[in-house]
Every structure is written in C-alpha cells, then in structure tokens.
Amino acid sequence: MLETALNKEQHGGQLGEGYGRIKAAGPDFSHGIALYLENVSVWFDSFRALNDLSLYIKEGELRCIIGPNGAGKTTLMDVITGKTRPTEGTAFFGQNYDLSKMGTEEIAEAGIGRKFQKPTVFENFTVMENLLLAAPKNKQVRKSFFSQLD
C-alpha cells in the first residue's frame with residue numbers, strides 16, 4: 001500500500017531504493033553532467049543551422065560559445081531554452097529533464113534561463129531590488145507573481 005502512495009519518480013524507482021526517502025525535485029546531476037546535447041541537428045527547410053552537434057557540460061562548468069554570424073549559436077540557445085525543437089538528436093538537463101519535450105515555461109521553472117546581449121535593468125528599481133530579482137530562488141510563475149522582494 002505504501003508503494004502505491006509514493007510516486008516512483010520521486011523516491012528513486014523501487015521502494016527499497018534511496019533508503020525510502022523522497023528525492024528532492026530538480027535535475028539529476030548524479031553522473032556529473034548538467035547538460036547533454038547528443039547528435040542535435042536543426043533544419044530550417046534545407047538549411048542546417050546545427051548539424052550533428054554533441055555537447056556535454058559538467059555540473060558547475062562554464063562554457064563560452066563563440067563563432068561568426070550564422071554559426072548556430074542562437075539556434076543552440078533556442079534548443080536549450082525550448083524555443084526551437086531539434087530536428088534530430090536529444091537534449092537533456094541532468095538525466096531527467098528531456099528539453100525536447102518541455103515547453104519554455106517548464107524549462108525556465110527547471111532552472112534554465114536566458115539573458116540577451118542588451119543589458120537591461122528595471123529603471124524604477126534600486127540596484128538591490130534588481131539584484132534580488134535576478135537572485136537564484138523559486139521562480140515558478142505562480143510563486144513569483146504573489147511574492148514580495150525582501
């Protein structure tokens with residue numbers, strides 16, 4: 001009866017796994033890889049913006065993607081953030097979030113964000129309020145809508 005009360009994904013599969021504790025929600029980085037892109041291709045008609053790209057980013061690692069105009073940098077970010085679906089290949093955040101099957105809002109709630117090149121701030125906010133707004137915290141849409149800055 002207890003096994004049916006627990007969601008298998010929340011506690012690690014079988015009831016005896018994970019010492020019976022419920023796993024915290026969030027991406028599974030247990031293999032040390034935060035972002036998996038494997039054999040990702042994106043086609044726009046006959047143009048291939050990405051062609052068989054594989055990229056693995058470890059947890060805590062910083063990667064800079066550079067290249068000339070038309071190299072596919074924006075398309076890569078679009079795949080990671082859910083704006084564009086890969087024509088081929090897979091994209092995972094941790095081991096448990098298949099980015100190709102998630103919407104942009106779900107991906108943002110999972111912890112992947114994007115900042116465009118134009119530096120912007122909320123001009124009516126103080127510096128501290130702008131920093132607090134960008135600080136890591138629960139940014140689910142409903143939670144954010146009803147929260148207050150400290």
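Helices (H or I, at least four residues) and strands (E, at least two) are DSSP runs, numbered from the N terminus. The structure described here is a predicted model, in which local features need pLDDT of at least 70 and side-chain atom pairs count only at pLDDT 80 or more, while totals for chains, interfaces and linings use all residues. Residues are numbered from 1 along each chain as its sequence is written, and side-chain values use heavy atoms, with hydrogens and water left out.

The protein contains six helices and four strands. Along the sequence, these elements follow the pattern α-α-β-β-α-β-β-α-α-α. The accessible surface (Shrake-Rupley method, 1.4 Å probe; for residues, only the protein chains shown count as cover) comes to about 11400 Å², and 56% of this surface belongs to carbon and sulfur atoms. Of the 150 residues in the protein, 23% are buried. In this description, buried means under 20% relative accessible area, exposed means over 50%, and partly exposed lies in between (1.4 Å probe, protein chains only). Contacts (heavy atoms within 4.5 Å) were also examined by their separation along the chain. Among contacts between residues at least 6 apart in sequence, 46% join residues at least 24 apart.

In soluble globular proteins, nonpolar side chains tend to be buried together. A nonpolar core is defined here as a set of buried Ala, Val, Leu, Ile, Met, Phe, Trp, Tyr and Cys residues joined through side-chain atoms within 4.5 Å. The largest such core has 17 residues, and Leu37, Ile80 and Leu99 are those with the most contacts inside it. At least two residues of this core are supplied by each of strand 1 (33-44), strand 2 (47-58), helix 3, strand 3 (88-93) and helix 4 (104-110). Strand 1 gives the largest share of the core, namely four residues. When neighbours within four places in sequence are left aside, Ile80 is in contact with Leu35, Leu37, Leu99, Ile107 and Ile112.

Helix 3 was considered next. The buried residues in helix 3 are Thr75, Leu76, Asp78, Val79, Ile80 and Thr81. Their cover includes strand 1, strand 2, strand 3 and helix 4. Asp78, found in this helix (residues 73-81), counts as buried because its relative accessibility is 8%. Apart from neighbours within four places in sequence, Asp78 is in contact with Lys83, Thr84 and Arg114. Just after helix 3, Gly82 takes a positive phi of about 90°. The C-alpha atom of Gly82 is separated by 8.9 Å from that of Glu106, although the two residues are 24 apart along the chain. Glu106 lies in helix 4 and, at 45% relative accessibility, counts as partly exposed.

Positive phi values also occur in residues other than glycine. Asn39, which is not a glycine, has a positive phi of about 50°. This residue is placed in strand 1 and is partly exposed, with a relative accessible area of 41%. In Asp45, phi is near 60°, again a positive value in a residue other than glycine. Asp45 lies in the loop between strand 1 and strand 2, and its relative accessible area of 76% makes it exposed.

Aromatic residues were examined for ring pairs. Rings of Phe, Tyr and Trp (its six-membered ring) pair if their centres lie within 6.5 Å; planes under 30 degrees apart count as stacked, over 60 as edge-to-face and the rest as tilted. The structure holds four aromatic pairs. One of them, formed by Tyr36 and Tyr56, is edge-to-face, with 6.3 Å centre to centre and 90° between the planes. Because Tyr36 lies in strand 1 and Tyr56 in strand 2, this pair ties together parts that are 20 residues apart in sequence. Tyr36 is buried, with a relative accessible area of 17%, whereas Tyr56 is partly exposed at 36%. Ring pairs also link Phe29, Phe93 and Tyr97 into a cluster.

Nonpolar residues are also found on the surface. Phe122, Phe125 and Leu133 form a nonpolar patch there, with about 270 Å² of accessible area together. Patches are made of residues with over 30% relative accessible area and no salt bridge; like charges are joined within 9 Å and nonpolar side chains (Val, Leu, Ile, Met, Phe, Trp, Tyr) within 5 Å. A salt bridge is a side-chain nitrogen of Lys or Arg within 4 Å of a carboxyl oxygen of Asp or Glu. Leu133 has its place in helix 5 (residues 127-134) and is partly exposed, with a relative accessible area of 35%.
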